[in-house]
Amino acid sequence: MAKITAPKPQTTTRPAESKPQSARPQAQRTTPPGHTGTSSFGKAPKDFSQMGAPTPSPRPQDPPSTPPVKPPEKKPATPPKEETDATEPKNAPSGKEAAQRLQDKHRYIGGAGRNERTREFTETIQQHQNDPGYLKQLYATLGDKDSKELISSASAQIAHDQKGLYKTDAEQTAALKALAKSTGSAPPSVVNDLAREAAKSQVPDAMVSVLKQPETPESVRRTFLNESGKTADKNTIQAQNFADVLNSDPKLIQNYGAELGRDKFVAILEKGLQQPPHNNSFSGREPTRSDGAVKILGQVPDLFKGPAYSDHRANIFRVGANALGDKTDPARATQLEGLKKIFRSDPSGIINELTNNSGGPNSAYDDTLQALPKFLRDSIVHGSGKDPGFAKFVKEDLPKQLRAGALNPATAGGKPPVNDHYARTLGSLTGAMVGAYGLEIKRTADAGQFKKDLAETIAGVALAPLGPAGEVGKVALKNFITEVLSSKDTSWTEQLREVSAAVKDKASAGLQNFDKHKDANGRDISGGKDWNTQTEHQFELGYDAILERLRMLSAN
């Protein structure tokens, strides 16, 4: 048996305890040659390169601050390019293929499809408007039925613009003009049928917005005017539609003024002017506004010139001025501007035609005698500040011209003397001006400012033409009128009677002398000639006629 030997006990060796080290003498750092031995914070040598030791590193510093980084500029986002649909009708290589696409029943389904078809038809017309060959092929392939349907629906879609396809007046106008231009490539029977149907309509018709474009063939516009002219003087909408298309060309205005006859032409304008320019329930934009009648007024002086048209101009002015209504209407601003052009072209003739009943077949006599007062109410009483040039013409320049004509010895021997005409015209102008203020004074509760303006204006119209003597009399007359009109013990009618008596007395003083062949100082101015003028009487006739017809001199 093996002998088992016991293991020897292991001894653990402890680490020797560390004894504190004795301080060792530190060797002193030798000073490099050339160094003074002073601290580096003392005086340092100026040139380290001459030293044997390496050049010391510079003192560390804070890192430089980083400049602010500008944010990247925001560039306007580039709108995504519209994807071109090669199958759209407008992209068809020929008018025939465009028509075939428009006739594809599977492409346009239901009401939304019909609207989309109309829109794509309009886009096709616009894109190819300068290619009549393309358009002729388009309409020929569509056939009469589809051509008529698409032109009609396109006119309605553009005019109403319920989907907001046209963001500006210019865009809407461009679409109407393109459609109008394309009708020249459509079958004549189709567009003439559309024109006749629109002419007979007594409600707003979108097709009129196309027909009134100058790009519509003249023959088509004449088709409309010939049909509409038969009954346009009986219906306001028809009259306005007629005027809208007529206004497309000055030549048409002249032609139909002659073809219809003056009475019928004026009657249609009168009916059309019964309502101010409006939008016919369409888009509400300028391109579809029914304003042809008021625009025709502004062209009258250029289109109907000369003495032969004196009564015609006056008749047009009469219906236009009477249509201004019972009070100033801002919606009739264009109408008023047109009337001012007519009046300024022949003021004496207009006043005489309106106030002196000649009894002729084309007489422009105004039975109501309200045309002039309404016109002066809007242009002078309420419009002097807006058009001071016109106000000066009416209140200063015109009265001087008329009085000079009334007091001209060179014409006093005529039979009848033209002087009487000028005197009566001056009286009518003065009476109409009083009437213009009177209309507002009767209508307004607080009429103080109108009475003040009346005194200033009437005194000037009646007396300013007399020169220095007239200026003196003007101040006295103005003060007298102001005093009379400020009275609270008398009615407006009584005040007006007293004012009228004073105005006629002062204004006719010079006329009375003239009828006796004398000047304002009583000196004979006849030069041996004989004349039989009645300027004083004529002035009073002209003045009284308007105020009496306005019932301003009669009891309230």
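Trainee: Is Phe-304 buried or exposed, and what is its relative accessible area?

Mentor: This is a predicted model, in which local features need pLDDT of at least 70 and side-chain atom pairs count only at pLDDT 80 or more, while totals for chains, interfaces and linings use all residues. Residues are numbered from 1 along each chain as its sequence is written, and side-chain values use heavy atoms, with hydrogens and water left out. Buried means under 20% relative accessible area, exposed over 50% and partly exposed in between, with a 1.4 Å probe and protein chains only. Phe-304 is therefore buried, its relative accessible area being 3%.

Trainee: How many aromatic pairs does the structure hold, and what are the planes of Phe-304 and Tyr-309 to each other, stacked, edge-to-face or tilted?

Mentor: Rings of Phe, Tyr and Trp (its six-membered ring) pair if their centres lie within 6.5 Å, and planes under 30 degrees apart count as stacked, over 60 as edge-to-face and the rest as tilted. The structure holds eleven aromatic pairs. For Phe-304 and Tyr-309 the centres are 5.4 Å apart and the planes stand at 55°, so this pair is tilted.

Trainee: Which residue lies over the face of Phe-393?

Mentor: A charge sits over a ring if NZ of Lys or CZ of Arg is within 6 Å of the ring centre and within 35 degrees of the ring normal. Lys-340 lies over the face of Phe-390, at 5.3 Å from the ring centre. Over the face of Phe-393, at 4.6 Å from the ring centre, lies Arg-344.

Trainee: In which helix is Val-381 found, and how far apart in space are Val-381 and Asp-453, C-alpha to C-alpha?

Mentor: Val-381 is found in helix H16 and is buried, with a relative accessible area of 13%. Leaving out residues up to four places away in sequence, Val-381 touches Leu-376, Ala-436, Tyr-437, Glu-440 and Phe-450, where contact means heavy atoms within 4.5 Å. Although Val-381 and Asp-453 are 72 residues apart in sequence, their C-alpha to C-alpha distance in space is 8.1 Å.

Terms used. Helices (H or I, at least four residues) and strands (E, at least two) are DSSP runs, numbered from the N terminus.
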